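The report takes them in turn.

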Amino acid sequence: MTDTAIRCDACPVMCVIKPGLTGACDRYANDGGILTRTDPHLFIGDQITAIGAGTTYPDYKPAPFIVSAEIDGVDMITVVTEGIFSYCGAKIKVDTDRHLGLERAAIRAGGEVVGHVTTAEYGSQMLSLGGVHHLTGSGKKSGRITCETVLRLCNGEAVELSIENGATLIAQAGAPPVINGVPEQKMRVGCGSATIGMFAQQWRGLVDEVVVVDDHITGILSEHQAGKLLEIPETGILVRGRRSTPGRYFEVAAPGTGWGGTDLTDPLQILGPFNKKHARPGLTMLMVSTTGEHAAYFVLDEFLRPQPRPMPPTLVEAVALIKENCEPALCSVLFMAGAGGSLRAGVTTNPVLLTNAVAAAITRVTCGGAPVYIWPGGGITFMVDVTKLPKNAFGYVPTPALVAPVEFTMPRAAYERLGGHMADVRQLRDLSRDRASPSHPPSPVMPAQAAGAAPGIHDLP
Ligand code: SF4
């Protein structure tokens, strides 16, 4: 045991840590004078992961663990490190047709801008959080809150986000989004046109007209190609909106949290007067949203005005079928980061060879043991579903940056060809499974430095 403070050299912050305390990120502690990674180093089955493995800094030092093991008769090397990522963020897919905010609208957490709304996908709103500009280019407080927000999301926690001129959202990986305080139930079955494409045949004979209200494409059965092929007669319906192709209308209303992701509370607002040439008193019409959450049944009166009526049981079933085909709404969180920088030097003395080996699929990249998607093109830019990692696999350092586990696995011969750190290769079987040991010896500090050290609170370099 010693009462001497030690310096952590696992990241640029270089904390001075007094005995029994942890550094600013809580990942390293002074345990009796030994610099100790506070979380256990995690193995999944026989596989070594980088979770809890530690970080080396600067990166020319070999990665914390470079291990050799025979896999299916092939001598494989796995290099593991907890990489420090300034270029990283989270992409969030929110399964909902409700309007969360306009594309490019700022997203705030704790009052700070941490990202923006990006291009919507089929049935989902997409958010982009973090990134180097928010982490390091928008002021200290903004960087800290951005880092904390992305970290919590990646570690599976719920975070509250507020979208400029839009909704408030509680997002959590693998959980339903909570929009303006209401948990979302269902992801839409498709756009209005797709809904008609799916169910037109089942509706034939039950009702004269079906309008599927959707913020993207509102579908009209009698005009739609599906209706034409099924020989559904014209109904004289008039839809206010921008006609794209027969039976498919854009912009019938403003986006919102009402019917089909529009701001409609009364669907009849999107209809003009029925054309007397085709309409008749007694004509029946179902109006339904793309999740089946909203539905109403109307019958034209003698003046050809739609009047609400109780929905016949057969149509109740038809609406239930739409609902049944909607998947549960979830938030998905992908961590995205660039491992193509100096981190590579901990793997090889010739970093570009690692990049080439990853691109050529000679080297497999995983994140905490989870499979990643590597973007084509330069660098090693990867994405990983955070729910595939054990909880709390991510960390941070106060530069600010996120810490994420990353493993590179390849045949021994390929590792040698890359210029790998062969002298640092250890046998997997020699590693204790419950280790929580230092990856490198502690750096002693002068007593004067130790006296002024305030563990956990440090100015950034
Ligand atoms: S922030 Fe963490 S990793 Fe960085 S020097 Fe301090 S204790 Fe070590």
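## Largest pocket

In this predicted model, the lining of the largest pocket is made up of 10 polar, 9 charged and 6 nonpolar residues. In total, 25 residues line the largest pocket. Those that lie nearest its centre are H99, A120, Q125, D215 and H216. The volume of the largest pocket is about 470 Å³.

Two elements, β11 (112-121) and β12 (124-130), are the ones that give two or more residues to the lining of the largest pocket. Of the elements, β11 gives the most, with 4 residues.

## Ligand site

Where does the ligand sit? The space it takes is the largest cavity. The residues around the ligand include four cysteines, C8, C11, C15 and C25. Also around the ligand are A10, M14, G23, A24, R27, Y28 and P398.

By class, the shell around the ligand holds 9 nonpolar residues, with 1 polar and 1 charged residue besides.

## Cis peptide bonds

Y57 and P58 are joined by a cis peptide bond, with omega near -5 degrees. P58 is placed in the loop between β6 (47-48) and β7 (65-71).

The peptide bond between T399 and P400 is also cis, and its omega is about -5 degrees. P400 belongs to the loop between β29 (395-397) and β30 (401-411).

## Positive phi values

N165 is a residue other than glycine with a positive phi, near 50 degrees. The loop between β13 (159-163) and β14 (168-171) holds N165. Is N165 buried or exposed? The relative accessibility of N165 is 79%, so N165 counts as exposed, the cut-off being over 50%.

E231, likewise not a glycine, has a positive phi near 60 degrees. E231 is found in the loop between α4 (225-229) and β19 (242-245). With a relative accessibility of 68%, E231 also counts as exposed.

Note on methods. Residues are numbered from 1 along each chain as its sequence is written. This is a predicted model: local features need pLDDT of at least 70, side-chain atom pairs count only at pLDDT 80 or more; totals for chains, interfaces and linings use all residues. Side-chain values use heavy atoms; hydrogens and water are left out. A residue is near a molecule or strand if one of its heavy atoms lies within 4 Å of it. On a 1 Å grid over the protein atoms alone, a cavity is a set of points where a 1.4 Å probe fits but cannot get out, and a pocket is an open set with protein on both sides within 12 Å along at least five of seven lines; lining residues have an atom within 4 Å of a point. A molecule sits in a cavity or pocket if more than half of its atoms lie within 2 Å of its grid points. Ala, Val, Leu, Ile, Met, Phe, Trp, Tyr, Cys and Pro count as nonpolar, Asp, Glu, Lys and Arg as charged, and the others, Gly among them, as polar. Grid points are joined across faces, edges and corners, and a volume is the space filled by probe spheres set on the points. Buried means under 20% relative accessible area, exposed over 50%, partly exposed in between (1.4 Å probe, protein chains only).
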